[in-house]
Amino acid sequence: MKKRMIGGLFFSLMIFGILFSFELSNGFCLGDYLLNKLGLKAWSNDEERLGLRYTFFYGLAFVIIGWRGAEKYLRDSRLIEFIKKRPFIFFLALILFVVPAVLEVSKDTYYWFQDDLKAIEYHSKESICHIDTEGERKKISGTISLTNHSKEVQEVALKLVDEEYFPEDIILKDNQGQSTYRLLPGQKDNLSFNFYIDKGKTAFDGASITGPEIRFIKKS
């Protein structure tokens with residue numbers, strides 16, 4: 001019984017290692033969040049999420065240690081035998097079904113405990129920004145997809161901070177020239193923007209940017 005308990009803990013550590021380094025489509029990664037909370041770096045360049053990703057190596061270490069321990073203490077287990085014979089099927093099912101489901105719950109739980117702007121989730125892969133040239137001006141249009149996980153209405157302004165396309169930050173505006181967006185609690189919104197900037201504020205005559213870099217500004 002004691003061996004099974006120890007083996008179960010090691011097996012859980014292996015599963016945790018996969019969860020730790022897995023990233024959801026919106027960029028949420030449990031390992032990145034936990035490392036930052038502990039004051040550790042998740043990336044060699046943490047601010048821009050570039051360079052060597054330490055989260056992967058931590059997760060890999062958890063998986064290796066967990067598997068070795070589970071193999072030792074659960075040697076006669078049918079589950080271990082199944083994994084040895086069909087590792088591809090086991091890990092494929094784990095990564096396709098179990099890990100995303102658990103991480104989705106973890107993500108929602110994380111945002112549930114956040115306040116103000118930290119409770120807003122940015123769906124980068126569902127957001128797009130278009131740059132078009134119209135005479136001497138550039139038209140900036142598109143949609144930003146956000147979910148307000150807090151229990152309160154959030155009023156925010158959105159600022160484009162994508163240095164690759166814009167040399168200076170740009171506040172997004174809708175068709176009426178309004179820069180304040182109202183996010184209802186617990187809802188997902190696709191916020192449209194459509195405005196013009198001077199030609200010199202971007203070197204691109206035309207482009208479509210998926211998941212542009214943005215920053216939230218709280219409006220009282």
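**Salt bridges, a helix face and buried loop residues**

Glutamate 71 is partly exposed, with a relative accessible area of 21%; here buried means under 20% relative accessible area, exposed over 50%, and partly exposed in between (1.4 Å probe, protein chains only). The model is predicted, so local features need pLDDT of at least 70 and side-chain atom pairs count only at pLDDT 80 or more, while totals for chains, interfaces and linings use all residues. Residues are numbered from 1 along each chain as its sequence is written, and side-chain values use heavy atoms, with hydrogens and water left out.

Glutamate 71 forms a salt bridge with arginine 68, and the closest N and O atoms of the pair are 3.5 Å apart. A salt bridge is taken as a side-chain nitrogen of Lys or Arg within 4 Å of a carboxyl oxygen of Asp or Glu. Arginine 68 is exposed, at a relative accessible area of 56%. Because glutamate 71 and arginine 68 are three residues apart in helix 3, about one helical turn separates them. Helices (H or I, at least four residues) and strands (E, at least two) are DSSP runs, numbered from the N terminus.

Which residues of helix 3 are buried? They are Thr55, Gly59, Val63, Gly66, Gly69 and Ala70. These residues cover an arc of only 145 degrees around the axis, which puts them on the same side of helix 3; the arc is that of the directions from the helix axis to the C-beta atoms. The face turned away from this buried side carries the exposed residues Arg68 and Lys72.

In total, the structure holds nine salt bridges. In one of them, lysine 188 pairs with glutamate 126, the closest N and O atoms being 2.6 Å apart. This pair links distant parts of the chain, with lysine 188 in strand 9 (residues 188–198) and glutamate 126 in the loop between strand 3 and strand 4, 62 residues apart. Lysine 188 is partly exposed at 44% relative accessibility, and glutamate 126 is partly exposed at 44% as well. Lysine 201 and glutamate 168 also meet through their side chains in a salt bridge (3.8 Å, N to O). Here too distant parts of the chain are linked: lysine 201 sits in the loop between strand 9 and strand 10 (206–210), glutamate 168 in the loop between strand 6 and strand 7, 33 residues apart.

Two loop residues are buried. Histidine 123, in the loop between strand 3 (120–122) and strand 4 (128–134), has a relative accessible area of 10% and counts as buried. Histidine 123 and glycine 211 are 88 residues apart in sequence and 7.7 Å apart in space, C-alpha to C-alpha. Aspartate 162 lies in the loop between strand 6 (154–160) and strand 7 (170–171). Aspartate 162 is buried yet has no salt bridge, and the nearest side chain of opposite charge, arginine 215, is 11 Å away; Lys and Arg count as positive and Asp and Glu as negative, with His and the chain ends not counted.
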